[in-house]
Amino acid sequence: MGKLTDWLHTHADQLDQSSALAETILPALAGDQLLASGVPQEHGGAGGDVRDAIDAIANVAEQSVTAAFVFWGQRCFIEFLLQSENRALAERRLPGLLAGTQAGASGLSNAMKFLSGIEQLQITGARQDDGLLVDGGLAWVTNLRKAGFVAAAAVAPNDGAPPVIVAFDSSTPGVKRSDDLDLIALRGSNTASIKLTQVHIPAVDIISDNAPAWLPQVRPSFLGMQCGLSIGLARASLAQAAQISAGSRNQLTPRIEALQATLEAAVATLLAGVHDGRFKTQAPAMFRLRIQLAELLQQALMLELQAMGGRAYLNAEQQGFARRWRESSFIPIVTPSLTQLQAALQLFDSQQAAKAAGAPA
């Protein structure tokens with residue numbers, strides 16, 4: 001990541017506050033072979049598994065959450081194809097996605113909220129002989145490159161069949177991308193909304209024909225790679241706090257080291273759970289990890305702030321702190337947001353309590 005690290009370090013503030021370099025992020029990631037992280041070699045990847053993708057996203061997030069967010073969107077779409085039974089679709093799309101010549105957008109935030117009973121699906125579809133005719137929209141999607149993109153979405157068929165997961169191309173008639181959302185940070189991430197009006201989705205572009213069964217299988221990868229944003233940003237903040245505190249009299253070093261140890265323990269738990277498959281059936285455990293990592297990030301930022309003191313408010317003394325503070329504000333609200341996860345956990349806990357109360361003595 002040598003050249004890429006230098007490039008991200010140089011342009012991190014610009015990527016955060018401007019869209020001028022938005023189209024260059026994906027080629028930069030592809031040029032360093034990062035998009036192939038955790039992708040089996042037989043599919044054109046670098047080998048390994050999703051743990052490698054989580055690590056790679058975290059490494060990028062240490063330099064720029066904007067670039068890591070784009071990376072997450074691209075790598076999620078790649079993962080959807082890897083976990084799809086539609087092998088022909090994967091074979092057709094993966095080469096361009098891995099090379100960075102084709103942008104892939106997750107588009108499944110609405111679906112993940114639907115899976116947890118938080119939200120209804122925002123896209124509906126009418127059956128056609130060769131697929132679906134869909135209408136609806138997605139409010140927040142990243143990596144919608146202006147040069148073109150392919151995105152995934154969940155569709156509720158109007159015949160009462162289970163929701164399906166589809167892929168659609170930006171060039172398809174009826175697909176409309178909004179202007180970039182006017183964000184306070186991550187402005188180079190090509191984040192916009194999408195409107196779909198009578199968009200034809202042929203059967204060959206269906207990723208899964210049973211979303212309720214498929215989504216729990218892919219959710220650990222979706223959330224695990226998303227956690228890479230928190231991990232990388234927390235590491236960067238703690239490293240900066242440690243550097244400032246070394247040899248100083250602020251007495252923060254023990255707290256910084258303790259938080260670093262807690263963070264790495266959480267990372268190890270995350271990687272183990274994603275690898276051994278436990279999170280496919282133990283979603284609450286992964287939800288709690290996602291919440292914990294977001295909270296550890298906030299603690300890391302506070303330690304960096306305390307280490308910097310008044311310099312944190314001086315532009316000339318920033319060393320990336322203001323950007324990291326802005327980037328961190330996105331972590332609690334990226335779907336599924338912390339409030340959504342906490343609501344899902346409360347529901348789960350109440351269901352478990354009800355089962356226990358009704359169990360025979």
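Hi everyone, let's start with a pair of helices: α9, residues 283-308, packs against α11, residues 338-358, at an angle of about 145 degrees, and their axes are 10 Å apart. Please keep in mind that this is a predicted model. The crossing of α9 and α11 is left-handed.

Which residues of α9 meet α11? On the α9 side we have P284, F287, R288, R290, I291 and A294. Facing them from α11 are L338, L341, Q342, A344, L345, F348 and D349. Sorted by class, this contact of α9 with α11 holds nine nonpolar residues, one polar residue and three charged ones.

Now, over to the strands, and to β4 in particular. Strand β4 covers residues 149-157, and eight of its nine residues are buried, leaving the strand mostly covered.

Who are the partners of β4? Let me take them in turn. Strand β1, residues 103-105, runs parallel to β4, and three bridges join the two. Here A103 has F149 of β4 as its bridge partner. Strand β2, residues 123-128, is also parallel to β4, with two bridges between them. In that pairing, T124 is bridged to A156 of β4.

With β5, residues 164-169, the direction is antiparallel, and six bridges join that strand to β4. If you'd like a spot to look at, find A154, which stands opposite I165 in β5. β4 and β5 form a hairpin, with six residues between them. And what is the phi of G160, in the turn? For G160 it is positive, at about 85 degrees.

Notes. Residues numbered from 1 in each chain as written. Predicted model: local features only at pLDDT ≥ 70, side-chain atom pairs only at ≥ 80, totals over all residues. Heavy atoms only, no water. Axes fitted to C-alpha atoms, helices over the stretch in contact; angles between N-to-C directions. Helix = DSSP H or I, 4+ residues; strand = E, 2+ residues; numbered from the N terminus. Left-handed = near helix turned anticlockwise from the far one by under 90°. Contact = heavy atoms within 4.5 Å. Nonpolar A, V, L, I, M, F, W, Y, C, P; charged D, E, K, R; others polar. Buried < 20%, exposed > 50% of the residue type's maximum accessible area, 1.4 Å probe, protein only. Pairing = 2+ DSSP bridges.
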